[in-house]
Amino acid sequence: MNLATSLVDAALDRSVVFGYTKIGSQLRRRWWADDPGRQALAGKRVVVTGATSGLGEAMAQSFAELGATVHLVGRNAEKVRRSAATIRSSVPSAVIVEELCDVSDLEAVRAWTADLAARAPAVHGLVHNAGLIPSERAESAQGHEVQLATHVLGPHLMTEGLLPLLMAAGGASVVWMSSGGMYTSPLIDDDLEYRTGYSGIRAYARTKRMQVVLADAWARRLAGSDVRVESMHPGWAETPGVAESLPLFRAITRPLLRDAVDGADTAVWLVATRPQSTPGHFWHDRIQRPTTVGWQRGEDPTKVGNFLRQVSQLTDTPEDWPGLGR
Ligand SMILES: NC(=O)c1ccc[n+]([C@@H]2O[C@H](COP(=O)([O-])OP(=O)(O)OC[C@H]3O[C@@H](n4cnc5c(N)ncnc54)[C@H](OP(=O)(O)O)[C@@H]3O)[C@@H](O)[C@H]2O)c1
């Protein structure tokens, strides 16, 4: 990318509306990095959570088109079966494995990762895509606020559980599907469970910020290995989740929303091409993006440390965080 396109690209990003809608991807397509090769993922295995709708189903199909064996993880057996059938009918060569796991249920995640480890020798791609925005505060099977459980605790535990398979891949990628909404929240290191003053949208932004911080910490932890860890946001895409949770937003932005394949593009590209990235590790439209903007300061290492320790404790996993602030 030359200086002029860099400036245009950054201006699109700062404008939000132009960058996040399909205007952004249509323009950036002219200068963004090359597509992966036709069978870039042949012989590789990719796990997608929340693969029964929207971006997850779209990326699962794209992974299958690139030759990967794709494990569709969902919490509803009928929806998993339906999505698998849809992908198989449009990609006849697809190898799809139907998986049932509620990502917010830590016991289910523990059991499912152990089960997969007994069935598969390696995982080359893991996309933490499952997400939701309940308007009322709800709790997971273990009593955690459900967005915290779905966006942060479950994916963290799943990454821990699949680590031996990721390490065995000889080059793997973990991608956290965050949101541009994360820019609206600082990292919260007290009241992770959002016990006071709950708002669904704020809980969403808080946990999407946590995903970015957690992915960055995982990238630091695995820096000496060949497992890459990134987070990203998809822009604004037309999906069943947006229709259900953000009807007004959808009504206003609909003509400009990306389609699900477009929203999923960067996740597919990250797994298929494994680009180098620098601390922050946050992407949109195939370009690494800042994790804070304008008036926001970089993350406070003490807060990051507090947050990471709590994630480890809540998931009963090792506090293995290099350079953890105290
Ligand atoms: N679309 C956008 O513009 C946009 C923008 C920013 C970020 N994102 C992020 O992109 C991801 C996908 O969003 P989407 O728009 O495609 O939403 P979607 O259409 O609602 O799809 C969400 C998927 O996550 C699954 N899911 C939710 N909770 C789960 C759980 N506990 N265990 C397993 N699966 C679970 C859903 O399954 P069920 O059908 O069973 O609920 C569904 O398959 C989310 O993380 C979202 O935050 C989307």
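Is Ser 104 buried or exposed? At 6% relative accessibility, Ser 104 counts as buried. That value comes from a predicted model.

## Around Ser 104

Ser 104 sits in a loop. The loop runs between β3 (95-100) and α6 (106-119). The side chain of Ser 104 makes a polar contact with the side chain of Asp 102. The distance is 2.7 Å.

## The ligand and its shell

The ligand is surrounded by 28 residues. The closest are Thr 52, Ser 53, Arg 75, Tyr 204 and Thr 239. Sorted by class, the shell holds 11 nonpolar, 13 polar and 4 charged residues. Three helices each supply at least two residues of the shell: α4 (54-65), α8 (200-221) and α9 (240-245). The largest share comes from α9, with 3 residues.

A polar side-chain atom of Tyr 204 lies 2.6 Å from an oxygen atom of the ligand. The backbone takes part too: a polar backbone atom of Leu 55 is 2.8 Å from an oxygen atom of the ligand. At Val 103, a backbone N or O atom lies 2.9 Å from a nitrogen atom of the ligand. On its own, the ligand has 900 Å² of accessible area, and the protein covers 91% of that.

## Salt bridges across the chain

The whole structure contains 23 salt bridges. One of them joins the side chains of Asp 9 and Arg 289, at 2.6 Å from N to O. This pair links distant parts of the chain. Asp 9 belongs to helix α1 (residues 3-15), while Arg 289 belongs to strand β8 (residues 287-289). They are 280 residues apart. Asp 9 is buried, with a relative accessible area of 2%. Arg 289 also counts as buried, at 7% relative accessibility.

A second bridge brings together the side chains of Arg 258 and Asp 285, at 2.8 Å from N to O. It too links distant parts of the chain, 27 residues apart. Arg 258 lies in the loop between α10 and α11. Asp 285 lies in the loop between β7 (282-284) and β8. Both residues are buried. Salt bridges with shared partners join these residues into one network, with Asp 9, Asp 13, Arg 14, Arg 28, Arg 29, Arg 258, Asp 262, Asp 285 and Arg 289 as its members.

## A bridge within one helix

Which residue forms a salt bridge with Glu 78? The partner is Arg 82, and their side chains meet at 3.9 Å from N to O. Glu 78 and Arg 82 are separated by about one helical turn, because they are 4 residues apart in helix α5 (residues 77-90).

Glu 78 is partly exposed, with a relative accessible area of 38%. Arg 82 counts as partly exposed as well, at 48% relative accessibility.

Val 17, Phe 18 and Leu 256 make a nonpolar surface patch of about 240 Å². Leu 256 is found in the loop between α10 (247-253) and α11 (260-273).

Terms used:
Residues are numbered from 1 along each chain as its sequence is written. This is a predicted model: local features need pLDDT of at least 70, side-chain atom pairs count only at pLDDT 80 or more; totals for chains, interfaces and linings use all residues. Side-chain values use heavy atoms; hydrogens and water are left out. A residue is near a molecule or strand if one of its heavy atoms lies within 4 Å of it. A polar contact is a pair of N or O atoms within 3.5 Å; within protein, one must be able to donate a hydrogen and the other to accept it, and residues adjacent in sequence count only if both atoms are side-chain atoms. Accessible areas come from the Shrake-Rupley method with a 1.4 Å probe; for residues, only the protein chains shown count as cover. Ala, Val, Leu, Ile, Met, Phe, Trp, Tyr, Cys and Pro count as nonpolar, Asp, Glu, Lys and Arg as charged, and the others, Gly among them, as polar. Patches are made of residues with over 30% relative accessible area and no salt bridge: like charges are joined within 9 Å, nonpolar side chains (Val, Leu, Ile, Met, Phe, Trp, Tyr) within 5 Å. A salt bridge is a side-chain nitrogen of Lys or Arg within 4 Å of a carboxyl oxygen of Asp or Glu. Buried means under 20% relative accessible area, exposed over 50%, partly exposed in between (1.4 Å probe, protein chains only).
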